Amino acid sequence: MWLLMLGVVLAGVYSWIFAFLLRQAHQGHLSLNTHQVLEYANLFLLAIIILKGFFPAYVPKSNLIPPIYPISALQRFRTELLVELVSPFYFVLLNFLFLLYLSSSHYTGLHFLQSILVLITAHVTLRSLQLFVERKMRWRSINFYSAVVMALAFIALQARVPMFRPVADWWMLAVNIAALGFFVSANFLLELAAAEPRSKEVNHHAGARRSLNWRLFKNHKLVKQMLIFGLVFKIVILGLDAFVYVHKEKHILDEISTLWLFVGPLIIYSYVFNNLWGFYRNVWLSIERSSNKAGDLIKFTLQLLCLPSCWMPQSRLCM
């Protein structure tokens with residue numbers, strides 16, 4: 001909720017910036033004219049939508065309806081496309097366009113509708129790129145050839161009337177709508193030409209060298225790194241504790257009892273440490289998907305940190 005409110009505030013800031021640039025361009029204080037500023041606004045919209053799928057991290061394409069669900073491919077495509085557009089990110093962008101329309105007389109209703117077409121075009125472009133990244137394409141499929149034809153029709157219309165350039169009449173907007181129709185059709189046919197990803201099955205085996213745990217440790221780099229790091233960390237802590245006890249006959253943290261609040265025995269000497277250190281992001285994602293409350297994450301973290309201190313016989317915190 002707070003991120004959505006921040007996005008709306010940023011949309012207002014950026015709309016004010018572009019409204020100011022349009023006013024300055026109209027008064028001749030810039031080297032750009034108003035049409036060029038509108039072009040940059042549309043290109044800004046186009047770039048930020050495509051980049052958000054790859055930066056700062058790649059965002060996989062959301063498959064909201066499983067392929068085995070008994071509906072047609074067209075219904076699945078239409079539903080997923082509409083649901084993706086009804087998201088907080090696009091809500092913020094629509095606020096940016098609407099506030100720019102209200103704050104600048106040089107950004108007309110015709111320009112507002114054209115920017116919405118640019119928004120949808122950028123989203124369909126992102127979907128197409130995600131298909132090429134995630135799915136194996138059947139290059140000799142009739143659907144792929146049809147998608148190429150539709151994409152060429154889109155490119156031909158864009159070469160004649162580019163969508164990012166501000167239109168002057170409704171006829172040019174109709175050409176842009178037709179171009180978007182060809183592009184959406186190309187994306188639908190491209191999804192039909194993409195092969196469904198094969199589901200991977202892992203079978204359990206009683207043998208030690210073929211067990212699921214061994215394969216997970218051997219093949220999953222993150223799991224392997226975290227387990228090895230946790231083991232080395234525990235060995236170092238135990239070694240230091242043994243060294244201090246031999247020379248001073250005291251354990252390493254006897255004089256600093258408050259550290260047991262953060263370095264409890266279950267964190268050091270069990271694999272709860274790995275959950276806190278190596279897989280904390282997975283814990284955060286699980287809590288976010290289940291309740292989406294920051295209080296639950298804080299409560300869970302405090303439970304992992306505080307409870308071990310009460311199980312430590314030497315701790316003075318529970319006295």
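Start by selecting Leu45, Ile49, Leu100, Tyr107 and Leu119: within the largest nonpolar core, which has 44 residues, these touch the most other members. A nonpolar core here is a set of buried Ala, Val, Leu, Ile, Met, Phe, Trp, Tyr and Cys residues joined through side-chain atoms within 4.5 Å, and buried means under 20% relative accessible area with a 1.4 Å probe, protein chains only. Before you go on, note that this is a predicted model, where local features need pLDDT of at least 70, side-chain atom pairs count only at pLDDT 80 or more, and totals for chains, interfaces and linings use all residues. Residues are numbered from 1 along each chain as its sequence is written, and side-chain values use heavy atoms, leaving out hydrogens and water.

Next, colour the helices that give two or more residues to this core: α1 (2-26), α2 (34-51), α3 (73-85), α4 (88-103), α5 (109-134), α6 (142-160) and α7 (170-193). Helices are DSSP runs of H or I with at least four residues, strands are runs of E with at least two, and both are numbered from the N terminus. The most comes from α7, with nine residues.

Now centre on Tyr107. Leaving aside residues up to four places away in sequence, Tyr107 touches Leu22, Leu38, Leu97, Leu100, Tyr101, Phe112 and Ser115; a contact means heavy atoms within 4.5 Å.

Then show α3 with α7. Their axes come within 11 Å and cross at roughly 120°; axes are lines fitted to C-alpha atoms, for helices over the stretch in contact, and angles run from 0 to 180 degrees between N-to-C directions. To see the contact, select Ala73, Leu74, Phe77 and Leu81 of α3, then Val184, Asn187, Phe188, Glu191 and Leu192 of α7. By class, this contact has seven nonpolar, one polar and one charged residues. In the class scheme, Ala, Val, Leu, Ile, Met, Phe, Trp, Tyr, Cys and Pro are nonpolar, Asp, Glu, Lys and Arg are charged, and the others, Gly among them, are polar.

Finally, zoom out. The protein has 13 helices and two strands, and buried residues make up 34% of its 319 residues.

Methods:
Buried means under 20% relative accessible area, exposed over 50%, partly exposed in between (1.4 Å probe, protein chains only).
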